Amino acid sequence: LQALVTMDDPQWIEASRGLPERVIEQGGRQPAQRIKYLSDILLSHDPSPQMESVLQKSFEQMDQHYKADPKAALALIAIGEKPRDPAIPAPELAAWTMVASAALNLDATLNK
């Protein structure tokens, strides 16, 4: 039941969008740098090699998906009350939103 809330609730989706805005702005330009920064924020340590690999692959898949379907990207990042950062391209923000959602749903994050 918890996963249904953390994956579908508009507040969680909005949090999953807000976090990557910070990661994109402050975490470096490369996906590996951003994943490390995301892990630092959520877990206070570097990601394990397995976690880094999974999140990297997830980002690559989501990036391809949202670049191919910009309407879906816009729909995802429109969820919530806080306006999105218009300086970040919608497909990029949507892809990182999905990565952040996965990271926010890790047992290590939820039980930290």
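These are my notebook entries on a predicted model of one protein chain.

**Entry 1: overall make-up**

I began with the secondary structure. I counted 7 helices and 0 strands in the protein chain. Read from the N terminus, the order is α-α-α-α-α-α-α. I then looked up burial: 40% of the 112 residues are buried. The accessible surface came to about 6,500 Å². Carbon and sulfur atoms hold 56% of that surface. Next I checked contacts between residues at least 6 apart in sequence. Of these, 61% join residues at least 24 apart.

**Entry 2: helix α4**

I took α4, residues 49–68, and tested its length. At 1.5 Å a residue, its 20 residues should span 28 Å. The C-alpha atoms at its ends lie 29 Å apart, which agrees.

Which residues of α4 are buried? I found M51, L55, S58, F59, D63 and Y66. They cover an arc of only 135 degrees around the axis, so they sit on the same side of α4. The general rule behind such a pattern is that an α-helix has 3.6 residues a turn, so residues three or four places apart point the same way.

I looked at the other side of α4 as well. There P49, Q50, Q61, Q64 and A68 are exposed.

What covers the buried residues of α4? The cover includes α3 (31–43), α5 (70–77) and α6 (90–104).

**Entry 3: salt bridges**

I listed the salt bridges and got 7 in the structure. I followed up several of them.

R17 pairs with E14, and their closest N and O atoms are 3.9 Å apart. That passes the cut-off of 4 Å. Both residues belong to helix α2 (residues 10–26); being 3 residues apart, R17 and E14 are separated by about one helical turn. I checked their accessibility: both R17 and E14 are buried. I also traced a network of salt bridges that links E14, R17, E21 and K82.

K36 pairs with D40, with 3.1 Å between the closest N and O atoms. K36 and D40 are 4 residues apart in helix α3, so about one helical turn separates them. D40 is partly exposed at a relative accessible area of 28%. K36 is partly exposed too, at 37%.

K36 has another partner. D46 forms a salt bridge with K36, the closest N and O atoms being 2.9 Å apart. D46 lies in the loop between α3 and α4 and K36 in helix α3, so this pair ties together parts 10 residues apart in sequence. I noted D46 as partly exposed, with a relative accessible area of 44%.

Notes: Residues numbered from 1 in each chain as written. Predicted model: local features only at pLDDT ≥ 70, side-chain atom pairs only at ≥ 80, totals over all residues. Heavy atoms only, no water. Helix = DSSP H or I, 4+ residues; strand = E, 2+ residues; numbered from the N terminus. Expected span 1.5 Å × (residues − 1). Buried < 20%, exposed > 50% of the residue type's maximum accessible area, 1.4 Å probe, protein only. Arc of directions from axis to C-beta. Contact = heavy atoms within 4.5 Å. Areas by Shrake-Rupley, 256 points an atom, 1.4 Å probe, with all protein chains shown as cover. Salt bridge = Lys/Arg side-chain N within 4 Å of Asp/Glu carboxyl O.
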